[in-house]
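Please take a moment to look over the chain before reading on. The paragraphs below walk through contacts between its side chains.

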Amino acid sequence: MTLELESMAIEMPPVSRHPNRLPFRGVLTLVDTPSDRPPSGARDHRVLLTRQAAERALASLLGMALDYTPALDAHDAKRKVGIITSAEVIELSVASCQLAGRRSDNRQLTTGNCIAVSGYIFAKDFPEVVRELRWNPARLGMSYELSDATVQDVNARIWTLTDVTFTGAAILRRDKAAYSQTWIELESSVGAGLRSAHSDPARRLDWSGTRPHV
């Protein structure tokens, strides 16, 4: 059973077979779960985003961009390849965190809470990103970008984030993401139609995934 806790979306006007809008969906991050590795800017600390902080920050995700680097190994906030139009925090079983339950690599999530997002890839502008999503989805994940993150205790081994503002997200390889269990995939039904078209105790910090801002 899936229990939806919070969901927000901005509505885009429908445009049939828009060449530069290719729908995607995925899991941006896990919630209430320590990251697998430290994100940059976290000073070598793993992090844990609380569910309450994630819910409060959902609105800040809407309209934010997806970015990437050609090697898919980091964030590049100036290379924007898509937009997030929907975000939700869901409490769920392992299977339901995969949304449609369709994965090609049989990886399983080990926790039930996550932020699921969807939106559009700028397919005409970035065909190389579309190719990567289409042919190598199993190796791709996502990573959020934050500003004004409040850390409950900066001396803790794992930083607990109790307040954040999302400023974007990146598509990158799972082995480079703070949470290796994140994922992203194209919405296949629409994608097929487009193929032919081509502080103390808390401190406030900024970071964007793989390069420190603090």
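What follows treats charged pairs, then a helix, then aromatic rings.

This is a predicted model, in which local features need pLDDT of at least 70 and side-chain atom pairs count only at pLDDT 80 or more, while totals for chains, interfaces and linings use all residues. Residues are numbered from 1 along each chain as its sequence is written, and side-chain values use heavy atoms, with hydrogens and water left out.

Side chains of opposite charge can pair when their charged atoms come close. A salt bridge here is a side-chain nitrogen of Lys or Arg within 4 Å of a carboxyl oxygen of Asp or Glu, and by this rule the count comes to five salt bridges. One of them joins glutamate 187 to arginine 25, at 3.7 Å from N to O. Glutamate 187 lies in the loop between strand 9 (183-186) and helix 3 (188-194), whereas arginine 25 belongs to strand 2 (residues 22-30), so the pair ties together parts that are 162 residues apart in sequence. Helices (H or I, at least four residues) and strands (E, at least two) are DSSP runs, numbered from the N terminus. Arg25 and Glu187 are also linked with Glu185 in a network of salt bridges.

Buried means under 20% relative accessible area, exposed means over 50%, and partly exposed lies in between (1.4 Å probe, protein chains only). With 14%, arginine 25 counts as buried, while glutamate 187, with 23%, is partly exposed. Another salt bridge connects arginine 139 and glutamate 132, at 2.5 Å from N to O; here arginine 139 is partly exposed at 39%, and glutamate 132 is buried at 17%.

Turning to the rings, a search of the whole structure finds two aromatic pairs. Rings of Phe, Tyr and Trp (its six-membered ring) pair if their centres lie within 6.5 Å, and planes under 30 degrees apart count as stacked, over 60 as edge-to-face and the rest as tilted. Tyrosine 68 is buried at 5% relative accessibility, and phenylalanine 126 is buried at 17%. Tyrosine 144 and phenylalanine 166 also form an edge-to-face pair, 5.8 Å centre to centre with 65° between the planes.
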